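The tour below goes from the whole chain to single residues.

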Amino acid sequence: MLKYILLIPILCVASVNIGTHKNKEILEESNYQEKIIFENCQNLYQEQNSIQNINDEDEDYTLTIKLDYPLTNQASYENDEEKAKEYQRLKEYYTSNNDKIVQNLNLNDFEHVYVSKYSPFISIDTTYKELKANNLIGLTNISKNKNVECIYVNKNENAIEPSLYNAYDVMGTFDYVVRNKTYTGNNVTIGLLETGIPNKNHENFVGKDLEVRDVWYLIETTKDHATMMASVLIGPEGIVPESSIKAAQLFGDPIDEIDWFLDKGVDIINCSYTDATPNGVYQSDSAYMDYISYNYNIIFVAGSGNTGNEDGYIGNPGLALNAITVGAMNPYTFKMCDFSSYKVI
């Protein structure tokens, strides 16, 4: 049987930009360039078929390429052994198809390219300078490939991290579950996707199963929010103290990190981040989460965001149709906190 876990909503979520707006002005009227979708690039504009930036020319961007080819059956399994076989089948299918298509794409203009092993996506970390040097020609040429469905362009912004103060109190009616250890999380693996990594040497994790992703080509940053989040889950007074946690820091889009989670066989992925400037519109990040959830039977938990005192719009990936999206509740009035996001379009 599939494994489930009671994952309690956390008070606040970190915020990092994943993309919220499509800038129509930058697109030319061509079938190819219509595949290029600028989700959060109001700072960019087009002038004589080139990209111009009205702000900082040192800004970082992420290109997410969605490939188009016949898909295989979604994963179906009843136990861990069947799960491993199904994951391997899907991994071989997507890796083979993606590698064949990449050979026909000219990605040499980009330094940091990641090709997914588990889904029809390619992730490229780039900069404004790299984009400008191509003058849209590089992206347009990529979009001409029949196996390219679309290319999403997103600007990376700094994360805004809140506190998890009073997280236990906010659980309210779930208190008896936590205090009485109704669910321990035994044999359940949680993927913790944050804008930083937890301090694996913290006293809360002594004797706990916590693995932190550490790769040579990225510089991970230990952050209090990630440490607190992991503590709430598996710490001495954690919600599910017998669970295993695989923690990774988000860089650009989540494709690379979620591939790592799938390699580790996670059952649930908790995403403690959202758009920096949400507008309540379903975008590529949520679509990607839905793809993974549907094909691999992964449960996603995402935060709604903290813009309740502003426009109130929920951010991505909290708009994913297959995600459990949580907001914040006042522990004293048992009403939604003013700052918690709640609106969609």
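Helices here are DSSP runs of H or I with at least four residues, strands are runs of E with at least two, and both are numbered from the N terminus. This is a predicted model.

**The whole chain**

Start with the cartoon view of everything. The protein chain has 8 helices and 13 strands. Of its 345 residues, 54% count as buried. Among the contacts in the chain with a separation of 6 or more, 75% are between residues 24 or more positions apart.

**An aromatic cluster**

Now show the side chains of Y69, Y93, Y94, F121, Y288 and Y291. Ring pairs link these six residues, Y69, Y93, Y94, F121, Y288 and Y291, into a cluster. Rings pair when their centres lie within 6.5 Å. By this rule the model has 11 aromatic pairs.

Zoom in on Y69 and Y94. Y69 comes from the loop between β4 (60-67) and α1 (80-102), while Y94 belongs to helix α1; the two are 25 residues apart, and the pair links distant parts of the chain. Both Y69 and Y94 are buried.

How are the rings of Y94 and Y291 set against each other? The planes stand at 70 degrees with the centres 6.3 Å apart, and planes over 60 degrees apart count as edge-to-face, so Y94 and Y291 form an edge-to-face pair. This pair also links distant parts of the chain: Y94 is in helix α1 and Y291 in helix α8 (residues 284-296), 197 residues apart.

Are Y94 and Y291 buried or exposed? Buried means under 20% relative accessible area. Y94 has a relative accessibility of 0%, so Y94 counts as buried. Y291, at 11%, is buried as well.

**Two lysines over rings**

The charged end of K66 sits over the ring of F121, at 5.7 Å from the ring centre. For another case, go to K343 and Y313. There K343 lies over the face of Y313, 4.6 Å from the centre of the ring.

**Helices α7 and α8**

Return to helix α8 and colour α7 (residues 255-263) beside it. Two packed helices are described by the angle between their axes and the distance between the axes. For α7 and α8 the angle is about 15 degrees and the axes are 12 Å apart. Angles under 35 degrees count as roughly parallel, so α7 is roughly parallel to α8. The crossing of α7 past α8 is right-handed.

Show side chains where they touch. On the α7 side are I255, I258, D259 and L262, which meet Y288, M289, I292 and Y296 in α8. Y288 is also part of the aromatic cluster.

**Helix α6**

Next, select α6 (residues 224-234). The buried residues of α6 are H225, A226, T227, M229, A230, S231, V232, L233 and I234.

Step back to the loop between β9 (209-212) and α6, and pick E220. With a relative accessible area of 16%, E220 is buried. Which residues does E220 touch, not counting residues up to four places away in sequence? They are I197, R213, D214, V215, Q249 and F251. I197 is 23 residues from E220 along the chain, and their C-alpha atoms are separated by 6.7 Å.

**Backbone details**

Switch to a backbone view for the last stops. Select N316 and P317, which are joined by a cis peptide bond with omega of about 5 degrees. P317 is in the loop between β12 (299-303) and β13 (323-326).

Then go to N187, in the loop between α5 (175-179) and β8 (189-194). N187 is not a glycine, yet its phi is positive, about 65 degrees. Its relative accessibility is 54%, so N187 counts as exposed.

Finish at N297, in the loop between α8 and β12. Its phi is also positive, near 60 degrees, in a residue other than glycine. At 29% relative accessibility, N297 counts as partly exposed.

How values were computed:
Residues are numbered from 1 along each chain as its sequence is written. This is a predicted model: local features need pLDDT of at least 70, side-chain atom pairs count only at pLDDT 80 or more; totals for chains, interfaces and linings use all residues. Side-chain values use heavy atoms; hydrogens and water are left out. Rings of Phe, Tyr and Trp (its six-membered ring) pair if their centres lie within 6.5 Å; planes under 30 degrees apart count as stacked, over 60 as edge-to-face and the rest as tilted. Buried means under 20% relative accessible area, exposed over 50%, partly exposed in between (1.4 Å probe, protein chains only). A charge sits over a ring if NZ of Lys or CZ of Arg is within 6 Å of the ring centre and within 35 degrees of the ring normal. Axes are lines fitted to C-alpha atoms, for helices over the stretch in contact, and angles run from 0 to 180 degrees between N-to-C directions. Angles under 35 degrees count as roughly parallel, over 145 as roughly antiparallel, 65 to 115 as roughly perpendicular and the rest as oblique. A crossing is left-handed if the near helix is turned anticlockwise from the far one by less than a right angle, and right-handed if clockwise. Contact means heavy atoms within 4.5 Å.
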